[in-house]
Amino acid sequence: AEAVCAAGAETHRRWVAPLAEDSWCVEMLSAGRQKPYSEPAKVALMELLDELLAPLPGPISLRSPEQVVAMLEDYDDPTGRGERGEPAALAPPRRLYLGRRLSAGASRLLHDFRLSARGYLGRTTLPPELAFLMANEARARPGCALLDPFCGTCSTLLSAARFGATTFGVEVDARVLQREPIRANFAAAGLPPPARLLLADAAELLPRGGAAADGKGDDGAADGDHVAELPAGLGLRDFDAIVTDPPYGIMEGAGELYQPLPARCAMLLRLAAARLRVGGRLVFLLPVPAECAAPALPPSDCLVLESASRHAVSARMHRYLLTLRKAREASAADVGEARVLEAAAGEGGG
């Protein structure tokens with residue numbers, strides 16, 4: 001702060017010129033500090049820059065400033081001790097950065113969409129960290145039609161809607177698919193609710209009679225006649241993305257709705273083959289035992305594995321985030337019932 005103030009009036013004018021007469025505030029950020037500053041302590045630090053900031057012509061706005069002056073302290077010390085050997089919590093910062101914020105990342109979304117702020121949750125509601133990651137993997141954006149065939153409380157759809165996608169949800173459990181509370185979650189976030197929420201088994205979205213992706217079953221009826229709630233003009237093959245955390249039956253107490261992991265996973269890949277546009281993506285979570293290698297997925301003529309990342313859920317259970325892209329039209333084998341998991345990866349939580 002002393003060096004900043006000693007830079008001189010001409011240098012100060014050059015530094016603050018981009019702020020013009022915009023409203024502004026000062027944001028205090030500390031990286032690596034174990035104990036957060038109290039509000040009086042933050043004010044005291046900001047007052048050290050009075051000589052630089054006091055002449056600014058624009059008004060101070062704490063709620064919606066047009067410009068943010070950021071003070072960033074770097075306490076990142078891998079030894080956990082300061083230069084004089086004092087505990088890191090008491091050591092001064094190694095560096096102090098001062099600058100004008102040009103853009104903001106998406107980390108604020110994790111706070112705004114935190115589970116504790118939602119009015120309606122389920123036992124296995126997906127946290128925003130994973131839901132936003134999956135929405136990114138799926139390329140959720142304005143104009144994108146995105147389906148969650150095991151939508152539950154619609155955490156994935158909430159994140160996708162934040163990125164502008166038009167969302168659709170299917171859920172077989174009436175205890176979970178509470179439409180009004182779900183819509184209230186979207187309203188609280190200032191987002192449009194799902195275009196459709198269907199109480200149905202996701203298997204009903206599969207082509208009938210093992211038909212290939214021509215939009216007809218073996219009885220000549222158009223696919224999806226039995227899910228007529230879907231809007232006109234959006235055929236069931238017209239989804240840009242399918243994003244889901246399938247209920248593998250361990251944590252959510254599915255009871256008679258329980259389905260073994262190999263069958264659930266194989267059905268999901270059949271659904272993606274039949275109902276995605278070419279170029280669309282399937283993004284889903286797959287639990288595996290900690291000692292298990294990469295999961296063996298059924299072969300597919302049209303789905304290409306694009307990425308696979310793994311993280312530990314517990315000492316016994318890990319989870320894969322898998323992204324598959326539909327590279328070409330599906331074959332009859334892709335949407336038929338013959339292809340199953342060649343090796344079961346084990347069972348996990350939904």
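Me: Which residues of helix H2 are buried?
Reply: The model is predicted, so local features need pLDDT of at least 70 and side-chain atom pairs count only at pLDDT 80 or more, while totals for chains, interfaces and linings use all residues. Residues are numbered from 1 along each chain as its sequence is written, and side-chain values use heavy atoms, with hydrogens and water left out. Helices (H or I, at least four residues) and strands (E, at least two) are DSSP runs numbered from the N terminus, and buried means under 20% relative accessible area, exposed over 50% and partly exposed in between, with a 1.4 Å probe and protein chains only. By these terms, the buried residues of H2 are Thr11, His12 and Val16.

Me: Within what arc do the buried residues of H2 fall, seen down its axis?
Reply: The arc is that of the directions from the helix axis to the C-beta atoms. The buried residues of H2 line one face of the helix, because seen down the axis they fall within an arc of 120 degrees.

Me: Which exposed residues does the face of H2 turned away from its buried side carry?
Reply: An α-helix has 3.6 residues a turn, so residues three or four places apart point the same way. On H2, the face turned away from the buried side carries the exposed residues Glu10, Arg13 and Arg14.

Me: With which residues is Ile242 in contact, leaving aside its neighbours within four places in sequence?
Reply: Ile242 is among the members of the largest core that touch the most others. Counting as contact any heavy atoms within 4.5 Å, and leaving aside neighbours within four places in sequence, its partners are Leu147, Pro149, Leu268, Leu271, Ala272, Leu276, Arg281, Leu282 and Val283.

Me: How many aromatic pairs does a search of the whole structure find?
Reply: Rings of Phe, Tyr and Trp (its six-membered ring) pair if their centres lie within 6.5 Å, and planes under 30 degrees apart count as stacked, over 60 as edge-to-face and the rest as tilted. Across the whole structure, the number of such pairs found is three.

Me: At what angle do the planes of the Phe113 and Phe132 rings lie?
Reply: Phe113 lies in the loop between helix H5 (107-112) and helix H6 (128-137) and Phe132 lies in H6, so the pair ties together parts that are 19 residues apart in sequence. The ring centres of Phe113 and Phe132 are 5.2 Å apart, and the pair counts as edge-to-face because the planes lie at 85 degrees.

Me: Is Cys154 buried or exposed?
Reply: Cys154 has a positive phi of about 75 degrees although it is not a glycine. Its place is in the loop between E4 and helix H7 (155-162). With a relative accessibility of 1%, Cys154 counts as buried.

Me: With which side chain does the side chain of Ser155 make a polar contact?
Reply: Ser155 is found in helix H7 and counts as buried because its relative accessibility is 3%. A polar contact is a pair of N or O atoms within 3.5 Å; within protein, one must be able to donate a hydrogen and the other to accept it, and residues adjacent in sequence count only if both atoms are side-chain atoms. At 3.1 Å, the side chain that makes such a contact with Ser155 is that of Arg118.

Note on methods: Core = buried A, V, L, I, M, F, W, Y, C linked by side-chain atoms within 4.5 Å.
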